[in-house]
Amino acid sequence: MGKELLSQYADLQAEIEDLQRRIRKTESQIERIQAGGTVLDSVKGTRKDGTIGNIRIEGFPVICLDEKLDRLYRYKNQLRHSEKCAMELVSEIEKYINSIEDCRMRRIIRYRFIDKLSWNAVADKMGGNNTEDGMRMVVSRFFEKK
């Protein structure tokens with residue numbers, strides 16, 4: 001696992017939240033369509049009484065709604081697939097971090113990549129005489145060894 005994938009952790013979390021929001025929105029659209037609703041329109045024509053004028057038409061556009069529902073279900077499935085892939089990547093990253101034997105390195109990597117802290121903030125969290133350049137170098141050396 002490389003540093004590049006670790007640096008995507010926070011973005012993956014944000015992407016998952018965005019995908020979940022999109023799924024909820026799509027489900028809401030599906031529910032509104034399934035709840036039904038009639039469509040109103042008016043046309044000019046001959047009424048039952050033989051007069052010519054505007055006629056009000058009310059109905060349920062089944063074909064249009066079926067096509068729209070089909071598209072929404074496909075889109076929802078695509079979103080769920082993307083969400084699943086992102087969650088699998090997050091899980092892999094967390095598994096990798098937990099597999100690092102050096103507890104100091106695990107803490108540094110968690111602070112930097114999961115908590116998205118700056119190198120200066122990581123150095124402060126680690127305490128002692130640590131500097132941001134020192135933290136950066138420790139992580140760089142760790143990944144060079146891998």
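Which residues of α2 are buried?

**View 1. The buried residues of helix α2.** This is a predicted model. In α2, the buried residues are Y9, L12, I16, L19, I23, T26, I30 and I33. The helix has 26 residues and should span 38 Å at 1.5 Å a residue. Its end C-alpha atoms lie 37 Å apart, which agrees.

**View 2. A positive surface patch.** K25, R32, K68 and R71 form the patch. Two elements, α2 (9–34) and α3 (62–99), each give two or more residues to the patch. R32 belongs to helix α2. R32 counts as exposed because its relative accessibility is 54%, and the cut-off is over 50%.

View 3. D18 pairs with R21; their closest N and O atoms are 2.7 Å apart. Both residues sit in helix α2, three residues apart, about one turn of the helix. D18 is partly exposed, at 26% relative accessible area. R21 is also partly exposed, at 39%.

View 4. E27 and R80 form a salt bridge, with the closest N and O atoms 2.8 Å apart. The pair links distant parts of the chain: E27 is in helix α2 and R80 in helix α3, 53 residues apart. E27 is partly exposed at 24% relative accessibility. R80 is partly exposed at 37%.

View 5. R136 bridges to D133, the closest N and O atoms being 2.7 Å apart. Both lie in helix α6 (residues 132–145), three residues apart, about one turn of the helix. R136 is partly exposed, with a relative accessible area of 30%. D133 is partly exposed as well, at 47%.

Terms used
Residues numbered from 1 in each chain as written. Predicted model: local features only at pLDDT ≥ 70, side-chain atom pairs only at ≥ 80, totals over all residues. Heavy atoms only, no water. Patch = residues over 30% accessible without salt bridge, like charges linked within 9 Å, V, L, I, M, F, W, Y side chains within 5 Å. Areas by Shrake-Rupley, 256 points an atom, 1.4 Å probe, with all protein chains shown as cover. Salt bridge = Lys/Arg side-chain N within 4 Å of Asp/Glu carboxyl O. Lys, Arg positive; Asp, Glu negative; His and termini not counted. Charge placed at Lys NZ, Arg CZ, Asp CG, Glu CD. Helix = DSSP H or I, 4+ residues; strand = E, 2+ residues; numbered from the N terminus. Buried < 20%, exposed > 50% of the residue type's maximum accessible area, 1.4 Å probe, protein only. Expected span 1.5 Å × (residues − 1).
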